[in-house]
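Colleague: Could we go through this model together, with the cut-offs stated as we use them?

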Amino acid sequence: MDDGGADGLVQVGAASAQSTVIQAGRDVLVAPIGSVVNGHGVPVTESVLAPGRLISDTAAEDLEVRRTLPPGTDDESPLPRYIPRQHDLVLRELARAAMDEQPRSGTAILVSDSTSGKTRALYELLHHPVPQPRRSRGRSRHRSLTEAGWRVWPPINPVPADQFLSGLAAVEPHTVIWLNEAQRYLIDPDKHTASAIASGLRALLADSTRTPVLLLGTLWPLYLDQITQRPQVRPDRHADARALLSGRTIPVPGVFTGPDLAAARSSSDTRVRRALAAADGADGGPDQATRVPLTQYMAGVPELLDLYSNASTTVAAVLHAAMDARRLGHSEWLPVDLLHHAAPAYLDPHEQQQHLTDPDWFTRALHTLTTPRDAAAVRALHRPPAIPGQPIGDVVRLEDYLDEYGRSHRAAQVPPVGFWTTVSVHANPDDLDFLGDEAWALGLYRHAGQILKNATAHGNAYAAARLVRNLHAIHPDDHRPAQWAVTHVGLDDLHAVSRLLEALHETGNTELAVELAERISEQAELSHPHAARTLLEALLEVGAKSLSFALAKRMAGQAIISDDTYSMGRLLSTLNKAGASDQVSEWTGRMIGNMRLDDPYGAKEVLLALHQADAAQQVSILAKRIAEHSSVDDPHAAGLLLEALHETGAAEQVGVLAGRAARSAALKVPWNVGTLLSALHKADATAQIAALLERSPSTQVVFDDLVSVRPLLSALHDVGATDQIAVLAERMAEHVALHNLRGIGALLVALLEVDAVEHIALLTGRITPTHTVFDSPYDLGVLLTAIHGAGSEERLAGLLNAASIARLAGHEPQSVGALLEALHRVGATSQVDALAEYIAASAAVNDIHDVDALLNALYKAGATEQAATLISRAAQQARIYDRDDIDVLLTRLRESGAVDQIAALADHLAVVGRFDLFMSIKGHRKDFRFGREPDGKAALPWTWDDLKQRSLFDQVDAKTILKP
């Protein structure tokens, strides 16, 4: 938990009038009310699932703000003096918007590596005063969220994901939703819970009756990658989370440089000075360090690395087992038994023999790792808090920094046999499918088979689907894995069961697929519309038409009702595909009278599904409700609903809703106003367009986001509102701030599209070399492209002369690549040549995705020789551990014909989890048909009979298990 580290009890609900439910590790305990204290030492007596707690009553430790070294005698606060940086300015603007006269909900997820100050930055935002609207005259013009009486929820962190989900409905306006380590809620839970949390948070942010709320959270980059990258093979577990986070992440630098470092050096806080002194000492003397990981020094990272570097063999073995378990898919809390049984496999044979006869070796190692090492309470492993007289899970959590350190420094290490044999028995059952996937990706087919088999025995349908597919690839005529899957799989996760149905169908296990489908149609719980739709689609896909119709009738009979109207609408559409239109009409007749209308996407989906089912009466009822009762405060939402009414032919209702929206919709956000205007135009609502234009939206919209102005300009152009375009264009040309070059570039493109030539000249005339700072290659490229498109060649030449391309060449590689493409587009040949030469010779190649972006730019600019030089450097110098990086590099090497370099990568492919690519190299598919062993040798033939469920130390010879 970044910037957390505090071992705090978590109260997650009331068990009775005299007790409260506590989360400690993976165990939920019941303790007497008053026996749990928060970070202030005050007994906790309220339910975490209440709508939150006043921020002023919430301790930093409750929100997982990391403890640092204790304050010196001259320090005023228990926390070190805060040094604001660029991301803090973005956060403060978010708080200002939430406290405005027309408040807006907002989201900010800070993204950076461990111990970079993310959680502390969010905590500071809660207490930092921001400018207040003019109505507050007579009071302080600056107030913080704390002073304004905002609450934070959950007030003690973290809480179990299912408890978090159930508590979302109670969140009220003026609440901060605290998502420190957001992966706990968006990645770690089962797919249904994670998806429901993400969609619930999206609904909360869109709910005008609960505005304003702020969603504040943190993530490591690797977790953000998991969410944002669309899977090619696995089910898309993170689609809802991806939509939630899109455009709402803020990078946090891991080091202090420039003005930030100067501000730190001027701090009077003794903890800051001590950290700087340590950094300077490492770099050669006072004031020598120019890039200081200040937050890491203050969090005790040097002490952690010292422990790791100087650890005894047994301590190192336990740490390596913990690191490997985490990086290969185990969740946050690691069973002590797992570490106890896996660690010996990391020792050499002599040490193994010693420790098999010494019963206390593990106890001593665990004590070393769980004991605080300094005044900041730095430790390598954290135990959950103990409650006297109460049971507690025997689990530990690896310190965040060591977790992250292990992911990078052990990325090319394949754990020994004993690790895999141990996790198949002692890992948390919910994590077995992830661990099995990793084993398979490493080519450890037999170990993967055992782990996935054990996971399936626990009812995990995702693991069952992979077990069927994977073992079919090795033994296509053996149907026992499929039989095992159908026999043991649970029906609690319908998404996963759908994947199993598809796997059975694809592998030719038709009879078993039908057997499972019959069981599903009779027994499956169908309470969640999204999961029910996924299941129904899977039945249709495998050709089980009669069963899908029967299930559709059962769904309609159960009358699933959910506040998730979007999923309800999608389910109705699928029921139509299954031929259950009559049931759709009957079912929806009971739901549309009370259906929520605050989700415009959902209401639109339901209305269109009813239209598809020819449910004319239900369409009429719902259309009337939408037209008369849906909120029109948000013009974007009103526009979506107008489009739906128009598509269903509800002309009268279009007129009603269009009139309400034209009269009352807020006209502050350009993008939203553009959406409404476009919808009115599509619906031929001429009178309502005129009414909206009479309110002069061009004088009311604000320019917080210049990119969002484009849809409004386009819509005004479509309806022929040239006078409004002129007003808006003049406002922007004269008054937009010039520091946002990217936004100005987008604005110039938008003005060009509506032929606002006069205003383009006015705006570009304000952009002078003496008043404009060119500090972003990407932004400069956008601006150059826009000015070139506008035909302002003289202005373009002036900017090219003024902008120091050489100075910008060392910036972030993908941004530099975008600049190179822009220079090529505008015909700046000499600058293209110079920048291409620099990229080929000097660009950083440690990140393959950055290299890929630069290669694209070089190819587009015609710099093929420089591209060949760059890819050759990348193949030789890059540290490549990420699977996607391997794909990118191999593609580029094949394009350049680098056969020898591809062959040299072969061994590396297997250890970084791309055994599939390793197998594609000549001869490997035959030699490694049964996979490989951790030492790299080809595995001996094995069958289903070799996958035996058994207790590790009871039924297997210990010396065999411990063999590395």
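Modeller: Let me begin with a term: a residue is buried when its relative accessible area is under 20%, exposed when it is over 50%, and partly exposed in between, using a 1.4 Å probe and protein chains only. This is a predicted model, in which local features need pLDDT of at least 70 and side-chain atom pairs count only at pLDDT 80 or more, while totals for chains, interfaces and linings use all residues. Residues are numbered from 1 along each chain as its sequence is written, and side-chain values use heavy atoms, with hydrogens and water left out.

Colleague: Is Leu-763 buried or exposed?

Modeller: Leu-763 is found in helix α38, residues 757–766, where helices are DSSP runs of H or I with at least four residues, strands are runs of E with at least two, and both are numbered from the N terminus. Its C-alpha atom is 8.7 Å from that of Ile-744, 19 residues away in sequence. Because its relative accessibility is 0%, Leu-763 counts as buried.

Colleague: What percentage of the residues in the protein chain is buried?

Modeller: The protein chain has 52 helices and 14 strands. Of its 964 residues, the buried share is 56%.

Colleague: With which residues is Glu-643 in contact, leaving aside its neighbours within four places in sequence?

Modeller: Glu-643 lies in helix α30, residues 635–647, and counts as buried because its relative accessibility is 16%. Its C-alpha atom is separated by 7.3 Å from that of Ala-683, 40 residues apart along the chain. Taking contact to mean heavy atoms within 4.5 Å, and leaving aside neighbours within four places in sequence, the partners of Glu-643 are Lys-604, Ala-679 and Lys-682.

Colleague: How are α11 and α16 oriented to each other?

Modeller: The axes of helix α11 (residues 301–309) and helix α16 (residues 400–409) come within 10 Å and cross at roughly 55 degrees, the axes being lines fitted to C-alpha atoms over the stretch in contact and the angles running from 0 to 180 degrees between N-to-C directions. Angles under 35 degrees count as roughly parallel, over 145 as roughly antiparallel, 65 to 115 as roughly perpendicular and the rest as oblique. The orientation of α11 and α16 is therefore oblique.

Colleague: Which residues of α11 and α16 make the contact?

Modeller: By class, the contact of α11 with α16 has seven nonpolar, no polar and no charged residues, where Ala, Val, Leu, Ile, Met, Phe, Trp, Tyr, Cys and Pro count as nonpolar, Asp, Glu, Lys and Arg as charged, and the others, Gly among them, as polar. From α11 come Val-301, Leu-304, Leu-305 and Tyr-308, and from α16 come Tyr-401, Leu-402 and Tyr-405.

Colleague: What is omega for the peptide bond from Trp-153 to Pro-154?

Modeller: Most residues other than glycine have a negative phi, and most peptide bonds are trans. Pro-154 has its place in the loop between β8 (151–153) and α3 (161–167). The peptide bond from Trp-153 to Pro-154 is cis, with omega near -10 degrees.

Colleague: Is Asp-684 buried or exposed?

Modeller: Asp-684 is placed in the loop between α32 (670–682) and α33 (686–694), and its phi is near 55 degrees, a positive value in a residue other than glycine. Because its relative accessible area is 62%, Asp-684 is exposed.
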